[in-house]
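Biologist: Please take me through a close look at one part of this structure. Then carry on to the packing elsewhere, in short steps.

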Amino acid sequence: MFYTVRGLLKDRGVKLEETVYRNCNEQMLDFKIATGDFYEIPDVSNGILRFKNAANLLCYDMLCEQLPYLKYIVFRHKNMFPYYGEDIDKVYEGLRNEPESVCVEGGPCLFGEHEVTAVVEMKNGESYLFDYSTGKKYNNQENGEYAQTDLDLAGFLEQNGENVKDIAFHNHKSGLTYQEYLHVFFPFATANALHVSLVMSLPDMSYRKYLEYCVRYLNDELREKTLKEFEEILYNITDMYIELIEQLKGILPVTRFALVHGRDQKMIDLYYEKRAPFIERNKVLKSLTSNTAKLESIKDYISMPALPYYVFGSKYIIEVNSMDETDSYRKCRKYHKNDVVMGCILFPELLSKDGINTLYCTTLEYKDYGKYKSELE
């Protein structure tokens, strides 16, 4: 289901002209937001929408009121989007008093639905098709080519590991979407406008950890083969982002830059060492998830916003990311509250041309790979 700022206010019995949104861009007010109905208006007198009790819904002009340097960022759709902001004024205070201690953090999901699939071939000749990004099985395949199951990839391999003959991964991703471009561009543009440092993450290690869990019941030879073949796909996709990052480093220079990904073992070791006191605690681990298949990946995601603190010792962090990262931001801020001042600017998931799904969830024909390149010209 999609929501709009105008619709959210109406549903709550609040008149637009009586809220902080009365002067916002009309396109922003009617932008289709792909989120659950997790909004409240804690103070009716100012009529501001708050999302998951973690961040306020803002238009771009409102962001600029809290962090004036943002007005220097140039990209064509910035005034059309709703944003989610929190503690931006505190980061601005840090910027005025200790600019060397301010850092931007961000980074993309590597791929979405339908882009990497796994075909599990059984010893009895049956084959099953799964989407790697979600772990979910595909149903109703044409011509009955694939057998059906009610299990996801992790559950299926756990129950049937000894009967698996082979696993073949297929990479259908031929480029980056505009959403993925924003995941790289917007952090760069923000750090450039603020004249501060930037730390980005490409979480290939997290995708690999999920597979490591899934294949733990396979025999050693098949497990090693599966991981190696998946790594090849994973790193090919990571390289697409690294190429874009290198382009943006030349266009939008930042004070200092660090990139965290699975092939930089020195950086990964530093990351895990520095985060351990905050994350590797029983009280924290118990609160993360009951899904053991994704525990290690979730530990990564809820600690990545603090990467500037781990890498540069930054005291003020502003996460620039998708609104889908609201929960990870909220948890990370909580676990680091005594050491870091953490704010956020979160942008929405974009609707694809199918009019139904976001670019992350849509099928391949609606991914619109490479359409972002006009932004670089």
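Modeller: In helix α9, the buried residues are M267, I268, Y271, R275, F278 and I279. Buried means under 20% relative accessible area, exposed means over 50%, and partly exposed lies in between, with a 1.4 Å probe and protein chains only. An α-helix has 3.6 residues a turn, so residues three or four places apart point the same way. Helix α9 covers residues 265-279, which is 15 residues. From first C-alpha to last, α9 reaches 20 Å, close to the 21 Å expected at 1.5 Å a residue. That expected span is 1.5 Å times one less than the number of residues. Helices (H or I, at least four residues) and strands (E, at least two) are DSSP runs, numbered from the N terminus.

This is a predicted model: local features need pLDDT of at least 70 and side-chain atom pairs pLDDT 80 or more, while totals for chains, interfaces and linings use all residues. Residues are numbered from 1 along each chain as its sequence is written, and side-chain values use heavy atoms, without hydrogens or water.

Now the sheet. Nine strands form an open sheet with mixed pairing, in the order β1-β2-β3-β4-β12-β11-β5-β9-β10. Its edge strands, β1 (39-40) and β10 (257-261), each pair on one side only. Two strands pair if DSSP finds at least two bridges between them. Strands β2 (residues 50-51) and β3 (residues 55-58) are antiparallel and share two bridges. There, R50 stands opposite N56.

Strand β6 (residues 116-122) is mostly covered, with six of its seven residues buried. Seven bridges join β6 to the antiparallel strand β8 (residues 164-171). One partner pair is E121 and D166. Strand β7 (residues 127-131) also runs antiparallel to β6, over five bridges. V119 has L129 in β7 as its bridge partner. Four residues separate the strands of the β6 and β7 hairpin, and G125 takes a positive phi near 95 degrees.

Next, the core. A nonpolar core is a set of buried Ala, Val, Leu, Ile, Met, Phe, Trp, Tyr and Cys residues joined through side-chain atoms within 4.5 Å. The largest has 123 residues, and Y21, Y132 and F186 touch the most other members. Beyond four places in sequence, Y132 touches residues including F111, L153, F169 and F230. Contact means heavy atoms within 4.5 Å. L9, in helix α1 (residues 5-11), is buried at 1% relative accessible area. Among its contacts beyond four places in sequence are V14, Y21, I41 and L49.

Last, the rings. The structure holds 29 aromatic pairs. Rings of Phe, Tyr and Trp (its six-membered ring) pair if their centres lie within 6.5 Å; planes under 30 degrees apart are stacked, over 60 edge-to-face, and the rest tilted. Y39 and Y84 have ring centres 6.4 Å apart and planes at 40 degrees, so this pair is tilted. Y39 is in strand β1 and Y84 in strand β4 (residues 83-86), 45 residues apart. Y39 counts as buried at 7% relative accessibility, and Y84 counts as buried at 0%. F75 and F185 have centres 5.6 Å apart and planes at 75 degrees, so they are edge-to-face. F75 is in the loop between α3 (60-66) and β4, and F185 is in helix α6 (residues 178-194), 110 residues away. Both F75 and F185 are buried. Ring pairs also link them into a cluster with others, including F31, Y60, F186 and Y372.
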